Amino acid sequence: MDEQDWRRFIAAYHHAHPGITEQLFTLADTSPYAWLAEPLHGIEGTVLDLACGSAPTRAELPDADWIGIDLSAAELAEAARQGRKPLVRARADALPTASVSVAAVCAAMCLPVVTPLPRVLGEIRRVLRPGGRLAALVPSQTGLSPSGMLGWLRVMAALRAVRQPWPNPQARDGLAALLRDAGFRVRSDERRVFTLAIGSADAADLLPDALYLPGLTPRRAEAAKRSLARWAAPGRRLELPLRRVVADLPAEQPAQEPI
Ligand SMILES: C[S@@+](CC[C@H](N)C(=O)[O-])C[C@H]1O[C@@H](n2cnc3c(N)ncnc32)[C@H](O)[C@@H]1O
């Protein structure tokens with residue numbers, strides 16, 4: 001899938017499923033958004049929530065000078081419906097934000113999907129002040145137990161899918177290295193395995209909608225929902241490994257070489 005096709009797909013996907021990531025994460029044993037927000041508490045200055053979606057991190061940073069930015073009007077409408085603001089509709093690779101004006105960027109579940117990634121990282125660097133912080137949450141490919149792996153095999157078999165076609169797969173477990181190459185100082189790079197409670201048909205219903213599967217037809221999605229509803233049961237758990245990377249810009253720009 002080329003970049004144009006991906007952009008068309010992701011725009012249509014979030015138009016059809018606003019707030020889906022937040023809904024899925026309500027099934028988690030503890031809030032991944034609270035974990036992401038921890039290193040941003042007490043930061044003085046603007047916190048920019050990049051690709052904020054329905055803006056679930058707003059509630060985790062109640063005292064912050066927060067602003068949410070996303071490309072999807074439907075996602076922003078969902079955020080507004082929940083009273084989360086201010087919100088701006090814009091692309092992550094062309095932020096309508098002054099240079100060196102932001103104390104921190106919060107990036108929940110977005111760096112593997114925003115394109116083109118090098119320009120997005122350049123924009124994050126541009127808007128952050130020296131010493132500014134990036135806290136990012138991304139899916140991790142590692143950390144599943146054998147039974148956790150079986151759970152996902154069951155889900156993907158119902159969907160007749162093998163994997164999600166992330167445009168930036170390197171921005172998952174390789175995110176820390178990417179950020180170092182982009183000039184950040186990585187303070188921490190941690191993985192945590194959350195568990196989603198798939199205790200009812202309603203919970204199982206979220207799974208086909210919450211995955212980026214461009215080839216998924218409505219008919220196949222409905223069949224998968226029926227199959228997963230039969231699999232759902234009290235005590236059924238699905239592991240969800242996530243990675244949190246916290247990185248700072250250097251406090252001072254490196255000295256320029258004399259000409
Ligand atoms: C997986 S969702 C995460 C939403 C939210 N941060 C959360 O964790 O619930 C990815 C978000 O990225 C947004 N997005 C995708 N490409 C974008 C782009 N180029 N610029 C801005 N937002 C984008 C989508 O509209 C969507 O809201």
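Predicted model: local features only at pLDDT ≥ 70, side-chain atom pairs only at ≥ 80, totals over all residues.

Q: Is Ala-55 buried or exposed?
A: Ala-55 is buried, because 27 other C-beta atoms lie within 10 Å and the cut-off for a buried residue is 20 or more.

Q: What is the phi of Arg-160, and where does Arg-160 lie?
A: Arg-160, a residue other than glycine, also has a positive phi, near 55°. The loop that holds Arg-160 runs between H6 and helix H7 (175–181). Arg-160 has 13 other C-beta atoms within 10 Å and is therefore partly exposed.

Q: Which peptide bonds are cis?
A: Pro-86 belongs to the loop between H4 and S3. Another cis bond joins Thr-115 and Pro-116, where omega is about -15°. Pro-116 is in the loop between S4 and helix H5 (117–127).

Q: How is a sheet read, and in what order do the strands of the open sheet stand?
A: Strands of a sheet pair through backbone hydrogen bonds, either parallel or antiparallel. Here 7 strands form an open sheet of mixed pairing, in the order S3-S2-S1-S4-S5-S7-S6. Strand S3 (87–89) and S6 are the edge strands, each pairing on one side only. From one strand to the next, the twist averages 20°. Helix H4 (residues 73–81) packs on the sheet and touches strand S2 (65–70) and S3; the direction of H4 makes about 170° with that of S3.

Q: In what sense do S4 and S5 pair, and in what sense do S5 and S7 run?
A: Strand S4 (residues 102–108) pairs with S5 in the parallel sense, over 6 bridges. Within that pairing, Val-105 has Leu-134 in S5 as its bridge partner. Strand S5 (residues 128–139) and strand S7 (residues 237–248) run antiparallel and are joined by 7 bridges. Val-138 stands opposite Arg-243 in S7.

Q: Over how many bridges do S6 and S7 pair?
A: Strand S6 (residues 185–197) pairs with S7 over 12 bridges, in the antiparallel sense. One example is Phe-194, whose bridge partner in S7 is Leu-240.

Q: How is helix packing described, and at what angle do H6 and H9 pack?
A: Two packed helices are described by the angle between their axes and the distance between the axes. For H6 and H9, the angle is about 145° and the axes are 8 Å apart. On the H6 side the contact is made by Arg-154, Val-155, Ala-158 and Leu-159, and on the H9 side by Arg-220, Ala-224, Ser-227, Leu-228 and Trp-231. By class, the residues of this contact are 6 nonpolar, 1 polar and 2 charged.

Q: Which residues of helix H8 are buried, and what covers them?
A: In helix H8 (residues 201–210), the residues Ala-203, Ala-204, Leu-206, Leu-207 and Pro-208 are buried. The cover over the buried residues of H8 includes helix H2 (20–25), helix H6 (146–159), S6 and helix H9 (218–231).

Q: How many residues surround the ligand, and which elements give two or more residues to the shell?
A: The ligand is surrounded by 21 residues, of which Thr-21, Ala-51, Gly-53, Ser-72 and Ala-108 are the closest. The elements that give two or more residues to this shell are helix H1 (3–16) and H2. The shell around the ligand has 11 nonpolar, 5 polar and 5 charged residues.

Q: What feature does UniProt place at residues 48–135?
A: The UniProt record, an unreviewed entry, places "domain: Methyltransferase type" at residues 48–135. Over this stretch the chain is 23% helix and 31% strand, and the end C-alpha atoms are 11 Å apart.

Q: Where is Val-100 placed, and what separation has its C-alpha atom from that of Ala-233?
A: Val-100 is in the loop between S3 and S4. With 13 other C-beta atoms within 10 Å, Val-100 is partly exposed. Val-100 and Ala-233 are 133 residues apart along the chain, and their C-alpha atoms are separated by 50 Å.

Note on methods:
Residues numbered from 1 in each chain as written. Pairing = 2+ DSSP bridges. Helix = DSSP H or I, 4+ residues; strand = E, 2+ residues; numbered from the N terminus. Buried ≥ 20, exposed ≤ 12 C-beta atoms within 10 Å, placed from the backbone. Contact = placed C-beta atoms within 7 Å. Near = placed C-beta within 6 Å. Nonpolar A, V, L, I, M, F, W, Y, C, P; charged D, E, K, R; others polar. Axes fitted to C-alpha atoms, helices over the stretch in contact; angles between N-to-C directions. UniProt positions renumbered as here; feature names shortened; annotations may be inferred.
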